[in-house]
Amino acid sequence: MRATFLRVPPRVAILLAACALVTPGLAAPAALAPADAEFFESRIRPVLAQDCYECHRTGGKMKAGLALDHRAALLKGGDTGPAIIPGDPKQSLLLQAIRHEHDDLAMPKAGAKLDAAVIADFERWVARGAPDPRDAPPTEAQVAADTDWPAVMARRKAWWSFQPIRQVAPPPGPATHPVDRFLDAKITTAGLAAAPRADAAALHRRLSFALTGLPPDVADLTTELSPAPFTARVDALLASPRFGERWARHWMDWVRYADSHGSEGDPLIPNAWRYRDYLIRALNADVPYDQLILEHLAGDRLPQPRLNAALGLNESALGVAQLRMVLHGFAPTDALEELVRFTDDQINTVSKAFLALTLSCARCHDHKFDPLSQRDFTAWHGIFSSTAPAQLAVDAPDPAEPALRASLRQTKSQLRAALAEAWLADADALPARLTTPDAALNKSIAAAKSAESALHPFYLLAQGATPAAALEPWRNQLDGIARHHGRTFPYRWDLSRVDDTSSWRRDGPRMGTASAAGDFAVAAEGDRVVVGVYPAGLYSHLDSTKDRGLLLSPRVHLAEKYDLWLRLAGEGGAFARYVVQNYPRDGTVYPVQKIAGIGPRWIKQPLGYWQGDQIHIEFSTASDQPVLANPAATRSWIGVSEVLLVRAGELGPFEAWPFAAPLLAACGEPTTTDDLAAGFAAALRLSVRVWREERATDGDAELLDQFLRAGLLRNQPAQLPAVAPVLAAWRAQETALRIPTRAPGVIETFAADAPLFARGDHRQPGELVPRRFLEAIDATPYQVTDSGRLALARDLVRPDNPLTARVIVNRVWHHLFGRGLVATPDNFGRMGETPSHPELLDWLATWFVEHRWSIKALVRLLVTSDAWQHASSPPPGALERDPDNRLLSHASVRRLEAEAIRDALLAVSGALQINEMFGPPVLGATPRRSVYLRVKRNDLDPFLTAFDAPVPAAPTGRRDVTNVPAQSLALLNDPFVRQLAEQWAARLAADPTLAAPTDRIRVLYTGAFARPPTAEELARALAFLRDAEHSRASAAPWADLAHALFNAKEFIFLP
Amino acid sequence: MNPWITRREMLRRCSTGFGYLALSGLLATPGRSAGRPSAPHFRPRAKNVIFLYMSGGVSHLDSFDPKPLLARLAGQPMPAKLERTQFNKNGTVFPSPFEFARHGGSGLEISSMFPQIARHCADDLCVVRSMTSKVSEHAQGNYFFHTGFPTMGFPSAGAWINYGLGTANRDLPGFVVLQSGDATAPHGGPGLFGNGFLPAQHQASIISADRREPVPNITPRGPDALQRASLDFIRAADTDFALRAGHDPQVEAAVKNYETAYRMQAAVPELVGLAGETAATRELYGLDDPHPQKAAYARQCLLARRLVERGVRFVELSCLTEKIGSGNAPNPWDQHGDLERGHRAMAHQVDQPIAALLTDLKARGLLDETLVIWAGEFGRTPFSQGSNGRDHNPYGFSIWLAGGGVKAGTVYGATDDLGYRVADKTVSVYDLWATVLHLLGLDHQNLTYLSGGRNYRLTDVHGEVIRDLIA
């Protein structure tokens, strides 16, 4: 091989011969000929500077003792001798190195081989005597100029994938299919002939697995596969729901789909499976690819989202779930590093999946090989970090909902009126109750040890206090309330005020505007009417506890040590927390309040630990935390009235009981218990009246709430005959309200540009980089007030973006042919491979866009080509001239993917629950299609993993196809596989039409291989059964045979 | 490997190819292996690695790094600026409840936690007291220590070493993780032992040393005669198919893979059966110790020796939990509370078995070519967490190496007087692996694999070989 390789190619030999006449000598130190100077400056110097100086510069690294930065250094060379011999490209080490002639001397190191054109330039240059104007090592300024980013990028942008997609026509030829015309042209040029068409069994299997991931239905095998029926078969399979299941799994590889976040605890990503279902539906519905890209970046931001009337879903919003399939560490003490890392994860996925670019490689510095700058990375970092992880509500708008809510609210106001009547009666009865309390009330009074209880004065009375003294604790705190309101805090949000709430991100039907004091929540179930009566603020449940509520504060930079104070109420596992640098999990230094049930009260969280970091404060209902959400919770609520940041060590807010004010006012200066009781009754009467008229103050609201809790107001339907029917009506209406459907996503929150991190060090933020697309395509900053996701999405599919269409066409080609036209489907950069058929790739990209970005149309186009239907036997000469079959003169044998192997085992044995589609993930023992298996990062399915299902850490456009003993061991010894063999055998045994062993064997072979057994195979199988029964006393010879067929290579390979 | 030979040609040429192919499994694996040396870069000092992973984080202050100042400052606030801790429940200076003494001819200081190691092996250890990590949390710390990156998706050191050196046993995987009792993978899960983007045959096989089925699906489900008959039948069918598939090399390799699998069915039980081990050996390791966790760990240690004898390149052992002070199965050394009792129990579990392993390896002449690494993902704080625990401390802690060409009976580097941060000769995880690779004859900068458009290394873009550790 080496000898062949070193043979001087004829073209170079001619060049060398021509140059010999020029009598090359030492490179002239004097002024160069203008042509030589021009050639050096434009073709040689930029390459040396950009690709070599980093390691070979005077005073720099000088690896191997070699500098390439001035003439004398080249001639002197390094440890292994002169770098160049002017006039002799063949003997020049530099050229041997860049031509990769020696394994251990292949330059540039760790980089892609230089373009053939560049190598030719160097050959020409050395052959001409290596004219070099560089008398001395360059200055820093000179190097900076030669290697400055615009110069580097301009050169790198010449790479094929950044060139516009060319409008090409298929070359002439006898083939009718345009794809074949492109392929045949090269096959013919190579002096080869294409293989004939594959046989029917091979084609049936190939087609069925390619389109549906399942073996062909035995009933369909009778179909002739001449072209017309073949096309009909293609259309039938494309129309099958199995198509979406198959291709969704491919797509899940591209976006590193997972059901959990990994690391310690490996928490599930709640509702991740809804994204998988979305993909299946989208692919079955053949939603245009450009639409799906828009949805993957900004489906929640589309002016006209794609709605699914049947399921009541906003399909578009489900696409952004892919941004949440990131890895999350556990309780990182450096939260910013975690933010940068998981944002990098998003950037890595989006850039690889849709552009086949490795933008992540530009996180710490400009890309080493591609025209991608660190500023590009940072621009995208700004886009993605301008959002926060969340659960999105993905329901399609329900046209009936506004009317339903209107009538709910109308019924609720009837409830208010009816309750007010009853409660006024309670007020009339109150003095008697308080002065001669019954046993229950006595118990409540005895428990009212704290001044935050409305019955506290009666507790004090019972302890022997005078009526006047019984009110003292409340009087004392009036000053405190005044002080609290007069104080200034580093941060304070009064969420009953529009000015303060407007800076918060609010989501949920009742989170838009603060409620008035006295608004109340009705109990949807149970033996109470009212859940609570509230001061002004934001409450999620004023229509229903089914409603979601999500509240995110603006971002706060913790310049000092603070304490966080929250005045909140909630029930049902709602959440209150602060979020550091968008980290969505909890654990150790990330405390979260999960609220089982509390009335309005202050809660404190120290923030000193996080000084220097950015946080925001977040409240949500139980199902609406990005990671901690409990998808099973149907009812919960959260209410917030005030949020404060206090300097650590300073007093917190005064714990005020606003209900005390109206009581004090009404009680005046009581001298007797009767006075006190009468005052309470008067206060209650007044509060009920203003509440009835919707004029209540916070004090009135809290008074009513307190009296409800103390049992001084009736709240059970049975006690309230006039209220009960209204409550029943309200409850009947409320059942019609939907429980929101949630899915993982991100929400717009804090749009801001990101700083450039010096050498990728997040502790060294530099200048801000505007949010924008890639400068190699368009460096214009986005003029947006949001994160810019929608703008980025549109840039991904803009017509002059040369990558997106090529990338998807190549991915589909890869999955159908086993190898992409570009063999590295995730990398179209310099470190990736170049296209084997660039014209075909461009023609397909154009065709695809013209055919409304239809994946099904593209699949149909490709599988109906002759090329796709070739037999796998190599035609004469193909192995010698095209050993890797890049010309596609024949089909490449392929092993089935992990999921297809498992699905085939299930399908053939009859165990597969083929009509069970969608829903939460299942474990491997469930006989459903593998696309529905849970992908838990720390606990991946062992069977699928053995057969190369990807580890979901990064996009995988091309899976490994390995051959490890674990595969054979699984098929031989895994009890699950054996059980399926037994099931298959039992099914045959139960079929009365299959009494004859030969008939059964035929069914087994046809099921496994889509063809009947040959006579020899029949005889072999019969002998195997006979031996099994007689010599080996097998308990289940038919299961043994079925199991053996599972282990045949024909079962897992497609010829 | 000569890159100019194509995959097909190479497969075609390998007349004896099957053993090689079945195990190397380099069929259609993406990326190129230009970063894989055809021969070691240097003269190797070691052939195998045994990695004694002390998951959860051992306190250096209570084992190999004595700090008398802590006793003088006991109960006082830490006289230093503190980094953020994992639990933010920082107490006061917490002196070691263990006693240190000098041992062996070298006078190496080892605490009373490890009496057997101290008595028998002090002169074999090369203690690094200036180890650091970048992470102070278990899962990220475990990933970082194993792969050089703090998240899943990257190859484990054992995978890199197998990729670099190839396998020396046809019937056993080259990278084995041992577990016994209720030992599990550390936090982060089995991905810690993964091949990342390297070809799959470099991933670890987990051997459950005391389970009926030590490797999943390794046990034939029926009598051998039945399985042989099935294999013969399968072979006949495959021969026909391979012909029809144009003798596709992938198909042929998959056919031959069955023979490897068949042989592994015998090799693995032979390995874990401990056949041929004497009563004296069992006694030495503590295999029949009444303390079940210690007996289980002893079994791993003995198996580790058997594995390196059989040419397995990289063996990692897993501690068992004693269920004390936050130390659960994935992080048994994690004594956020009850440190003294917890560390005492954990040390009791591993002390005799590890001492026995070193002694046994030495007696058999294997220690010279086997590098033993003892380390956890981080150390622990010199101040208390709560009243009697210690929090995580990645800013300076101790590990030790033994055998395999390291300087025996020495101490390298130092932490400050409080044992909080490195004061001298900082060693990073990258440096450690660079040195380990060097001892195995590999240049860490030239052991690379192209993935996602970038040539990756175990040492990322960092790492210096610590020459002073090498004998």
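**Confidence, a helix pair and the interface**

Author: Where pLDDT is low, predicted coordinates should not be read in detail. This is a predicted model: local features need pLDDT of at least 70, side-chain atom pairs count only at pLDDT 80 or more, and totals for chains, interfaces and linings use all residues. Residues are numbered from 1 along each chain as its sequence is written, with chains lettered from A and ligands numbered from 1 in the order in which they are written.

Reader: What does chain B average in pLDDT?

Author: Chain B averages 90, and 92% of the residues score at least 70. The complex gets an ipTM of 0.88 and a pTM of 0.91 from the predictor.

Reader: At what angle do H24 and H25 of chain A pack?

Author: Helices are DSSP runs (H or I, at least four residues), numbered from the N terminus. H24(A), residues 660-667, and H25(A), residues 673-692, pack at about 125 degrees, axes 8 Å apart. That makes H24(A) oblique to H25(A); oblique is what remains after under 35 degrees (roughly parallel), over 145 (roughly antiparallel) and 65 to 115 (roughly perpendicular).

Reader: How many residues does each chain give to the contact?

Author: Chain A gives 68 residues and chain B gives 69. On the side of chain A that touches chain B, H35(A) gives the most, with 7 residues.

Note on methods: pLDDT is the predictor's confidence in each residue, from 0 to 100. Axes are lines fitted to C-alpha atoms, for helices over the stretch in contact, and angles run from 0 to 180 degrees between N-to-C directions. Helices (H or I, at least four residues) and strands (E, at least two) are DSSP runs, numbered from the N terminus. Two residues are in contact if their C-beta atoms, placed from the backbone, lie within 7 Å.
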